[in-house]
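My entries follow in the order in which I made them.

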Amino acid sequence: MPDPASPEVSMETLVALCKRRGFIFPSSEIYGGINGFFDFGPLGAELKKNIRDCWWDDMVRRRDDIVGIETSIIMHPKVWEASGHVAGFTDPLVDCKVSKQRYRADQLFFAQVVVDGQVVGYVSALESERTAEELQEAAESLKRKKAIQGKLAPVEPRDMTEAKPEEIALIPSPATGEPGSLTPPRSFNMMFQTNVGAMSDASSVAYLRPETAQGMFADFKAVVDTGRVKLPFGIAQIGRSFRNEITPRNFIFRSREFEQMEMEYFIHEDADWEKCHRGWIDWCRDWLVSIGLPLSHISEYNHPREKLAFYSRGTTDIMFRYPFGVQELWGIAARGNYDLMQHEKHSGVPQAIFDEASRKKIVPHVIEPAVGVDRIFLAVLCAGYAEEDVKDEKGGVEKRTVLRLSPRIAPVKVAVFPLLKNKPELVVRAQELHGRLKKRYAVFYDESGAIGRRYRRQDEIGTPWCVTIDFDTIEKDGTFTLRERDSMQQKRIGEAELFALLEEKVF
Ligand code: GAP
């Protein structure tokens with residue numbers, strides 16, 4: 001169960017903002033939508049691109065030891081046999097035979113209802129921040145319904161993967177409230193299957209990739225042979241991944257089509273992997289802070305050793321405090337050389353490389369930081385959203401909604417306003433400035449409505465700065481008003497100063 005969060009903003013509020021202002025729409029909404037798929041509107045596409053660009057710049061372009069690649073979404077099906085996805089990329093699935101609802105067994109919780117030491121029934125609840133409370137309430141209600149006297153014991157929640165075979169028939173389905181319709185958990189492979197070519201038979205089966213990582217492993221030798229890389233070095237990629245999640249949920253947090261930014265950092269087999277792993281955890285955390293996430297919302301979770309895959313040496317997740325709980329944002333795994341060895345075995349192509357420093361032929365080990373763009377997107381919205389009481393132009397109090405996005409990722413960097421739209425000299429001057437700015441930055445021109453209203457519109461989409469061209473701009477020294485989103489403070493600056501500010505803050 002997720003740790004409870006203290007939500008500063010509800011998901012309903014965020015979803016409504018995303019729709020109202022064109023960040024995110026449900027996919028194919030005119031046909032009723034399709035669960036687990038989303039479209040990014042004009043502002044969302046900009047914000048997403050900025051997140052990707054910042055990562056690519058910092059992870060690839062500004063480093064000498066990492067190269068970037070782009071591999072195909074559909075790869076040879078043997079890739080997924082070698083990686084273990086065909087056999088093991090599964091989630092435990094429970095069906096309700098009556099309602100036809102499907103649940104992830106590890107997200108469907110149940111508890112015995114124990115009165116005076118006797119089990120008198122079972123209750124169930126879907127995973128949420130309130131699972132334990134909901135189960136307790138359901139247990140009290142069952143006791144009342146059955147008119148049983150005695151002392152009710154506190155419930156002990158378990159998930160359906162822990163249910164004993166004889167318990168399954170006694171656990172009520174969350175859909176019907178009645179026992180007897182839930183099936184035992186079975187493995188459900190999450191890869192989307194398709195067919196390549198004109199024949200739709202077993203020989204043409206292929207998969208939409210469930211992660212981008214295998215592209216880096218499958219192309220490892222090609223990069224080494226062409227890329228003039230030497231250990232330690234990384235191969236990075238950004239791209240779409242697809243998982244047929246049983247229960248997509250929490251908006252874009254868990255969807256069926258999403259975007260990953262993954263990097264495989266190859267190290268010598270004798271290298272200090274723990275130091276390297278720690279180094280990448282720190283890098284990822286610092287990077288999140290550099291795009292505006294508050295440190296206070298970030299924590300780390302070390303996967304217990306006994307739950308790791310046999311080849312894994314350690315995995316640490318960077319967790320983020322979302323409104324629906326503290327959840328995984330970025331996984332940093334030390335995977336040994338399992339993936340390369342598997343591809344060597346299944347393809348027959350040796351994956352060892354010659355390491356100049358040790359004068360040895362080795363199959364390198366890997367540290368893998370893997371993150372979802374959509375989860376970062378959601379995190380920056382959750383952390384940035386605020387509603388504040390502010391003074392309006394007449395001295396009264398009004399509400400402002402503000403998205404405190406870092407200038408690095410804000411979809412619009414500067415909004416340019418002429419003070420009055422019916423004064424051509426102001427309009428021309430504002431449009432000229434807008435034209436010069438837009439050669440380098442995403443900017444927005446707005447002349448409609450009172451200045452205060454124009455500020456509010458920009459606050460709500462996270463624009464860090466607004467500039468207003470007024471009569472002083474034209475009649476005096478060419479300076480204009482720069483209004484800062486978070487402090488709402490205003491000062492006069494000139495064009496060179498504005499470009500210098502953008503140069504410093506937007507990188
Ligand atoms: N190659 C390793 C790998 O794919 P993962 O933990 O399954 O590891 C990495 O995925 C990251 O991708 C996660 O930390 C998360 O940010 C993102 N991610 C995974 N499944 C997702 C989903 N269904 N929707 C959105 N993002 C997802």
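**Entry 1: helix α2**

I listed the buried residues of α2 as Leu43, Gly44, Leu47, Lys48, Asn50, Ile51, Cys54, Trp55, Asp57, Asp58, Met59 and Val60; buried means under 20% relative accessible area, exposed over 50% and partly exposed in between, with a 1.4 Å probe and protein chains only. The model is predicted, so I noted that local features need pLDDT of at least 70 and side-chain atom pairs pLDDT 80 or more, while totals for chains, interfaces and linings use all residues. Residues are numbered from 1 along each chain as its sequence is written, and side-chain values use heavy atoms, without hydrogens and water.

Helix α2 covers residues 42-61, and its 20 residues reach 26 Å from the first C-alpha to the last, close to the 28 Å expected at 1.5 Å a residue. The expected span is 1.5 Å times one less than the number of residues. Helices (H or I, at least four residues) and strands (E, at least two) are DSSP runs, numbered from the N terminus.

**Entry 2: the ligand**

I found 18 residues around the ligand, the closest being Glu211, Arg243, Glu262, Glu328 and Leu329; a residue counts as near if one of its heavy atoms lies within 4 Å. I then looked up polar contacts, which are pairs of N or O atoms within 3.5 Å; within protein, one must be able to donate a hydrogen and the other to accept it, and residues adjacent in sequence count only if both atoms are side-chain atoms. A polar side-chain atom of Glu262 is 2.5 Å from a nitrogen atom of the ligand. For Leu329, a polar backbone atom lies 2.8 Å from a ligand oxygen atom.

The elements giving two or more residues to the shell are β13 (257-267), β16 (325-336) and β19 (365-372). β19 gives the most, with four residues.

Is Asp91 buried or exposed? I recorded Asp91 as buried, at a relative accessible area of 11%. Asp91 belongs to strand β4 (residues 90-95). Beyond its neighbours within four places in sequence, its contacts (heavy atoms within 4.5 Å) include Arg104, Arg186 and Glu245.

Arg492, in strand β26 (residues 490-493), is partly exposed at 33% relative accessibility. Its side chain makes a polar contact of 2.9 Å with the side chain of Asp470. A polar atom of the Arg492 side chain also lies 2.7 Å from the backbone oxygen of Thr479.
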